[in-house]
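Hello,

I am handing over the structure we spoke about. Please have it open while you read the notes below.

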Amino acid sequence: MAEVRVLRVGCPMWAHRGWIGRFYPTGTPNGSELALYATWCNAVEGNTTFYGEPSEATVERWRDATSADFRFAFKLPRTITHEKRLRNVGTEVRALLDRIEPLGARVGPIQVQLPPTFGPDQVDSLLAFLRRLPRERSWVLELRHRGYFDATTARSRVDELCRERGIGRVILDTRPLYAAPAESPAALDERRNKPHLPVLLDAAGASPVVRVIGEDRIEGTMNGLLRWVPQLAAWLDDGRSPYVFVHQPENLDSPELARGLHEAVAAAVDGLRPLPDPAGQRSLF
């Protein structure tokens with residue numbers, strides 16, 4: 001029997017009113033979207049924790065709305081990464097871990113997303129923080145300062161420590177966003193907020209996280225996603241468990257795009273675990 005391999009795909013959110021009547025039934029009430037989303041995708045970016053720690057009741061609802069196979073890739077709160085800039089944040093990190101503990105194995109790699117202003121001049125603070133991260137959870141690091149993408153001492157020091165500690169990377173792929181003219185205000189806003197950085201696969205880790213930032217057109221975004229099929233297949237063959245999160249300027253088609261990518265990888269890889277089969281599913285591809 002072929003080895004079962006798992007590719008996790010998803011979106012930056014599970015509640016999007018534009019999905020009502022398309023991916024979710026007409027009349028879907030606010031607050032009930034996660035259970036529906038989990039029939040389309042097997043993972044989600046945990047952006048909600050970036051803006052604040054969830055309540056105990058909220059975490060329990062998340063647990064009850066998802067199966068044991070679902071994964072949340074939560075982000076550390078911006079208080080830790082953007083405001084305190086990784087200094088004296090042990091209490092805040094532990095508070096988040098304790099709060100999401102009821103989710104158990106549903107917690108995937110936790111994202112440490114740093115702002116573009118966090119440069120190589122602060123690498124010592126970054127390394128000290130990474131050394132203190134608790135080992136009971138999986139971690140991935142997203143760097144946005146261009147100084148970490150050159151052949152610098154700072155980059156090599158971070159890569160070396162990440163390999164030593166088993167910390168993976170978040171790979172931000174904005175190539176689809178910048179490959180086509182921005183036709184919507186949302187696309188212009190994405191260009192202001194998402195840097196055009198090199199795609200580096202070094203120190204990707206056991207569960208690499210890829211965030212593909214698409215363009216206004218469905219076809220352009222899908223083409224950008226399909227570029228990842230050979231790399232995802234190679235990671236899966238290597239025993240890794242990659243995550244891919246699909247962004248569009250308006251995110252109107254992201255669930256279907258995520259499923260389209262999974263389908264393409266399944267055609268290239270034997271034994272890929274299938275996604276859930278939502279009722280009324282349609283396909284654009």
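This is a predicted model: local features need pLDDT of at least 70, side-chain atom pairs count only at pLDDT 80 or more; totals for chains, interfaces and linings use all residues.

Start with helix α3, which runs over residues 56-65. Three of its residues to look at are Thr 58, Val 59 and Trp 62, and they are buried. They sit on the same side of α3, because the arc they cover around the axis is only 100°. Now turn to the other side of α3. There, Glu 56, Arg 61 and Asp 64 are exposed.

Next, the backbone. Arg 85 has a phi near 55°. That value is positive, and the residue is not glycine. You will find Arg 85 in the loop between α4 (78-83) and α5. Its relative accessible area is 21%, so Arg 85 counts as partly exposed. The cut-off for buried is under 20%.

Asn 251 is another residue other than glycine with a positive phi, again near 55°. Look for Asn 251 in the loop between β8 (243-247) and α12 (254-268). Is Asn 251 buried or exposed? Asn 251 is buried, because its relative accessible area is 9%, and buried means under 20%.

Best wishes

Notes: Residues are numbered from 1 along each chain as its sequence is written. Side-chain values use heavy atoms; hydrogens and water are left out. Buried means under 20% relative accessible area, exposed over 50%, partly exposed in between (1.4 Å probe, protein chains only). Helices (H or I, at least four residues) and strands (E, at least two) are DSSP runs, numbered from the N terminus. The arc is that of the directions from the helix axis to the C-beta atoms.
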